[in-house]
Amino acid sequence: MKNILIIGSGGREHVLTWKLHQSNRVDKIYVIPGNAGTAQLAENVEIDVMDFEKIAEFIKSKNIEMTFVGPEKPLANGIVDYLNDKSIEVFGPNKKAAKLEGSKVYAKKVMKECNIPTAKFETFKNPKNAYDYLELANYPLVVKAEGLAYGKGVIIAKNQLEAKDAVKKIMEDKYFGKAGEKIVIEEYLKGEETSIMVFSDGNTNYQMISAQDHKKIGENDTGLNTGGMGAYAPTPLIDETLKTKVDQEILKPLFNYLKDNSIAFKGILFLGLMIDNNVPKVLEFNVRFGDPEAQVVLPLLENDLLTVAEKINQEKLDEINLKWKNKKSMAVIMASGGYPVEYEKKKTISGLDNFSDSSNPFVIQAGTKYEDNKILTNGGRVLAVVATGDTYQDVYDNCYHNIKKINFENAYYRKDIGRRIKGVKLLENE
Ligand code: AMP
């Protein structure tokens, strides 16, 4: 039995806690800093996720034998290297490997060098050259801040005016701070988006079940981009042929490149893909579980997650046989009204007592906080209702039937999660 630590406070970290809590190899779970959901299964500890020194001290003081890092920022800033130097075991990629997410310019250069299918692109360090380029470019196109911008540094521009405005916002007005010192301008790709997360020890790569997120705030995929308004798994789009293509055209060349450049990758590689006519192209790499993809993929994983993480760290992932439930899953996010722009916090959430860890559906919390014996909203994406079942229609109906039991002032959720799955009858069509 081991004590473990999870770093982060979102839905991804709650579902990691939920999954690891089921392990008969896990003793006590700590979460830094956690949310009201993780507090029910683990002990939340108020430490800044970027305060590596305090985190290391805490790990030593509690005999923690494995640490899972949820969010990208500590990974990109080298938390894994820092803790490993202190002989602390942690699951996640080191700083060099995390650059695949931390720098979009670097990720695109690697893809180009490895011939990995991706959108055609140019990179810019100064706005003048970017404006000149936009004079002759084809539209629509996509302008991306180079660094971490919590999924918000990507602007799809329909015409030259919008593109110039995006460059100004990112490079001159420094909307995303240092993350916008460089930009990538790339071709707009058509198709259907899918996420595939991969367990990797640097040698062996296992694709997890695919998932589809719904990034836009509005129904029918309209309005502003968000952190993700809901997801389901698996995606019917990803069949064995596509999985082989992903292995051959993306994972094999990428991992050969990493090895040739002495970059040890251990952890989760997240592929954001655009699929058009059965051709997968990479939109982005992330180096950790996706949120909300983790909420739909982890409930289908049969294996013990602690054991998988340990085998990855020992570079023995090939000794594991990954097993997946032959089921479907769906997560519908309830958000604070006004998200992703302005919203209020501290609204009392009612109805959570209709659910438990083992109910179906169950609730994964994100922006929540426990205060004065109440669970209050504490962020844009507040919680997710997660169901598993035999058919997509079952999980859809189960999520939407039960989400009505939860209430807080100005709660908002999309009613069309799973809209692209053929044959699923959506609420709005009733
Ligand atoms: P990224 O963080 O690079 O994955 O971009 C965030 C979102 O912007 C993606 O999930 C897509 O919805 C959209 N996006 C990014 N790049 C492109 C592209 N080249 N073509 C079309 N949509 C894109």
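Reader: Which residues of α6 are buried?

Author: An α-helix has 3.6 residues a turn, so residues three or four places apart point the same way. The buried residues of α6 are Lys-104, Val-105, Tyr-106, Ala-107, Lys-108, Val-110 and Met-111; that is seven of the 10 residues in the helix, which spans 104-113. Buried means under 20% relative accessible area, exposed over 50%, and partly exposed in between, with a 1.4 Å probe and protein chains only. Helices (H or I, at least four residues) and strands (E, at least two) are DSSP runs numbered from the N terminus. This is a predicted model: local features need pLDDT of at least 70, side-chain atom pairs count only at pLDDT 80 or more, and totals for chains, interfaces and linings use all residues. Residues are numbered from 1 along each chain as its sequence is written, and side-chain values use heavy atoms, with hydrogens and water left out.

Reader: How many disulfides does a search of the whole structure find?

Author: A disulfide is a covalent bond between the sulfur atoms of two cysteines. With the cut-off of a pair of cysteine sulfur atoms within 2.5 Å, the search finds zero. Cys-114 counts as buried because its relative accessibility is 13%, and Cys-399 is buried at 0%.

Reader: How many aromatic pairs are there?

Author: A pair of aromatic rings is described by the distance of the centres and the angle of the planes. Rings of Phe, Tyr and Trp (its six-membered ring) pair if their centres lie within 6.5 Å; planes under 30 degrees apart count as stacked, over 60 as edge-to-face and the rest as tilted. The count here is 12. One of them joins Phe-199 and Phe-289, edge-to-face at 6.4 Å centre to centre with 85° between the planes. Phe-199 lies in strand β10 (192-200) and Phe-289 in the loop between β17 (279-286) and α10 (293-297), so the pair ties together parts 90 residues apart in sequence. Both Phe-199 and Phe-289 are buried.

Reader: Where do Tyr-232 and Tyr-392 lie?

Author: Tyr-232 is in strand β15 (230-233) and Tyr-392 in helix α12 (392-403), 160 residues apart. Their ring centres are 5.8 Å apart and their planes at 80°, so this pair is edge-to-face. Tyr-232 is buried at 1% relative accessible area, and Tyr-392 is buried at 14%.
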